[in-house]
Amino acid sequence: MEGDGSDSLVTIKNIERELICPACKELFTHPLILPCQHSVCHKCVKELLLTLDDSFNDVGSDNSNQSSPRLRLLSPSLDKIDRINRPGWKRSSLTPRTTTFPCPGCEHDVDLGERGINGLFRNFTLETIVERYRQAARAATAIMCDLCKPPVQESTKSCMDCSASYCNECFKIYHPWGTVKAQHEYVGPTTNFRPKILMCPEHETERINMYCELCKRPVCHLCKLGGNHSNHRVTTMSTAYKTLKEKLSKDIDYLIGKESQVKSQISELNLLMKETECNGERAKEEAITSFEKLFEILEERKSSVLKAIDASKKLRLEKFQTQMEEYQGLLENSGLVGYAQEVLKETDQSCFVQTAKQLHLRIQKATESLKSFRPAAQTSFEDYVVNTTKQTELLGEWSFFSSGIDVPEINEEQSRVYNNALINWHQPGKNDKADSYVLEYRKINRDEEMLSWNEIEVCGTSKVVGDLESNSHYVFRVRAYKGSICSPCSRELILHTPPAPVFSFLFDEKCGYNNEHLLLNLKRDRVESRAGFNLLLTAERVQVGYYTSLDYIIGDVGITKGKHFWAFRVEPYSYLVKVGVASSDKLQEWLRSPRDAVSPRYEQDSGHDSGSEDACFDSSQPFTLVTIGMKKFFIPKSPTSSNEPENRVFPMPTSIGIFLDYDKGKVAFYDMDHMKCLYERQVDCSNTMYPAFALMGSGGIQLEEPITAKYLEYQEDM
């Protein structure tokens with residue numbers, strides 16, 4: 001028995017790395033099971049959400065008090081739009097939102113659902129194992145009684161119902177015979193107290209009794225009857241327990257049976273590590289030798305070029321010296337002129353002619369040189385300057401790579417930027433696929449100066465890059481690795497980030513939403529106009545002067561300060577859609593009297609009566625809406641722009657962005673494909689501003705989903 005206990009102790013201690021939280025790197029404390037099946041301490045989940053909340057609040061609006069930029073547990077619950085203007089108005093929790101949480105275990109974003117952290121199961125099994133490990137680690141450390149008066153005695157029992165530990169005397173006092181407490185369940189001394197029955201986190205009064213095969217999680221009967229699992233296939237808990245236990249037992253038996261094989265592979269890995277170490281050192285020596293040979297060649301060429309330059313310099317200086325001496329002879333006090341003056345003193349004609357003939361030729365030659373001065377040599381050494389441009393480029397791109405690895409190609413259509421940048425690439429070659437990739441990126445400053453490259457190692461062919469600055473240009477490139485060799489870098493891709501931090505919101509189903517004409521999906525990030533059938537039903541009224549009104553829907557979060565940016569797509573089949581921003585008081589007016597707001601004389605784009613637009617054009621309106629329809633983007637009229645239709649119509653962008661500067665009272669509309677501003681104007685931001693949308697006829701609007709790690713290609717077995 002002692003031997004068995006010792007083996008058990010060793011086994012418990014050997015599993016320590018399985019009991020470490022991936023976030024805090026310490027033993028788990030009240031671990032929660034995430035949808036990706038990884039466990040994280042309860043306190044770590046809360047701290048991560050608070051960290052995300054802090055980063056969001058730096059760029060978010062004041063009236064959004066959610067606990068995470070993606071934790072949308074708070075949203076407005078207003079029956080009427082006039083509640084928006086009430087002092088101290090805050091978002092309520094009647095409209096739950098989806099929570100996206102970055103798992104520190106798999107480094108992927110997981111969806112926590114509408115209940116967020118409150119919908120996660122506590123991993124009691126892992127908690128019990130951690131407690132057993134703690135007990136084994138501290139061995140003789142005693143658990144003291146929780147109820148003793150000093151001096152405290154060592155506990156002998158722990159009550160699972162009271163969640164406390166007792167010595168013998170205290171247990172008798174607090175659990176007397178003949179009382180209800182005498183029936184409590186007690187175990188040996190422990191600090192791990194777990195409930196007798198696992199309760200449903202969504203229906204706190206219901207016990208877990210079924211298992212959802214689709215979601216791979218335990219559920220209660222209310223979850224199956226009318227909850228999120230009503231259409232899912234479920235099985236009894238006993239069946240799931242039996243099935244999973246059989247599978248786990250078989251897996252464990254298989255691993256135990258392969259123990260010798262595992263040990264053999266561990267030995268092989270050790271040999272491979274040693275071989276890698278030796279080969280790495282050998283490769284370093286060979287690389288040093290190769291570069292030393294290059295250095296020798298360069299030194300030799302350097303010495304040869306310097307000698308040639310010195311020889312040419314010496315020859316040219318000698319020529320200049322000779323020419324200078326000749327010109328000095330032309331001066332009055334020089335030998336040539338003095339000699340000529342002495343010759344002129346000769347009176348004997350024959351002697352004079354004999355001497356003067358040669359002197360005349362010399363002086364004539366000197367005179368000609370004065371008329372056309374030419375230096376005896378060149379001062380430039382351009383012929384000796386070594387042009388190393390090609391060699392420099394070659395050395396800069398020089399890497400140890402095999403021609404068998406193709407250069408990766410970045411997919412520009414699938415790569416885009418929003419709150420983060422999503423970069424997709426592929427390798428054109430069919431053979432010799434890369435083992436991994438390195439994504440490099442850096443920011444381009446306004447003066448075109450590029451900073452140093454940031455590198456990220458990637459196993460797949462896509463990567464989400466975060467922490468990018470707003471309104472900045474970034475350049476991206478990729479290179480492939482196979483073993484110890486790598487490919488050259490791919491062609492560079494430049495992306496322009498939005499002009500402001502991304503503003504996260506969803507469509508508000510409480511304020512202004514007309515469920516008779518509009519269809520809102522469950523995620524509340526897409527709305528469609530159901531106009532066809534209703535228009536047919538009102539055909540008679542159309543003939544007698546009835547006109548179709550716009551159906552408004554707004555964002556569920558307002559803006560009270562700062563700069564914000566959001567993006568969306570308008571479906572190409574849309575007949576008429578208006579998008580932009582509107583203040584709370586203007587929304588109140590629209591939604592209270594929609595018929596008047598869309599009268600034939602009412603100009604939606606300029607924000608005033610079209611009959612008096614000349615008089616009111618320059619006034620700042622409490623809203624700005626542009627019109628989109630029939631695959632066109634229409635710019636509103638303005639006194640500074642041409643009123644010709646062809647000058648105010650653009651092709652509809654694939655994705656449209658809106659930039660609101662609340663403090664300066666400006667709103668701008670962007671083509672997201674090229675991050676190009678299409679239209680900008682002043683807007684009155686004296687009240688809370690909301691993203692505003694309106695549809696008439698058939699149409700659809702899809703909010704752009706923030707780029708997160710869930711775009712990465714990975715498989716999860718839930």
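**Before starting.** I'm working from a predicted model.

**Aromatic rings.** I searched the whole structure for aromatic pairs and got 16. I picked out Phe 568 with Phe 693, an edge-to-face pair. Their centres are 5.4 Å apart, and the planes make an angle of 85 degrees.

Where do Phe 568 and Phe 693 lie? I found Phe 568 in strand 24 (residues 563-570) and Phe 693 in strand 34 (residues 689-696). The pair therefore ties together parts that are 125 residues apart in sequence.

Phe 568 has a relative accessible area of 0%, so I put it down as buried. Phe 693 comes out at 1%, so it counts as buried too; the cut-off is under 20%.

**Charges over rings.** Which ring does Arg 477 sit over? I see its charged end over Trp 453, 3.9 Å from the ring centre. I noted Lys 157 as well, which lies over the face of Phe 171 at 5.4 Å from the ring centre.

**Ser 490.** Arg 477 turned up again here, as one of the contacts of Ser 490. I placed Ser 490 in the loop between strand 19 (485-486) and strand 20 (493-496). Its relative accessible area is 6%, so I logged this loop residue as buried.

Notes
Residues are numbered from 1 along each chain as its sequence is written. This is a predicted model: local features need pLDDT of at least 70, side-chain atom pairs count only at pLDDT 80 or more; totals for chains, interfaces and linings use all residues. Side-chain values use heavy atoms; hydrogens and water are left out. Helices (H or I, at least four residues) and strands (E, at least two) are DSSP runs, numbered from the N terminus. Buried means under 20% relative accessible area, exposed over 50%, partly exposed in between (1.4 Å probe, protein chains only). Contact means heavy atoms within 4.5 Å. Rings of Phe, Tyr and Trp (its six-membered ring) pair if their centres lie within 6.5 Å; planes under 30 degrees apart count as stacked, over 60 as edge-to-face and the rest as tilted. A charge sits over a ring if NZ of Lys or CZ of Arg is within 6 Å of the ring centre and within 35 degrees of the ring normal. Lists of a residue's contacts leave out its neighbours within four places in sequence.
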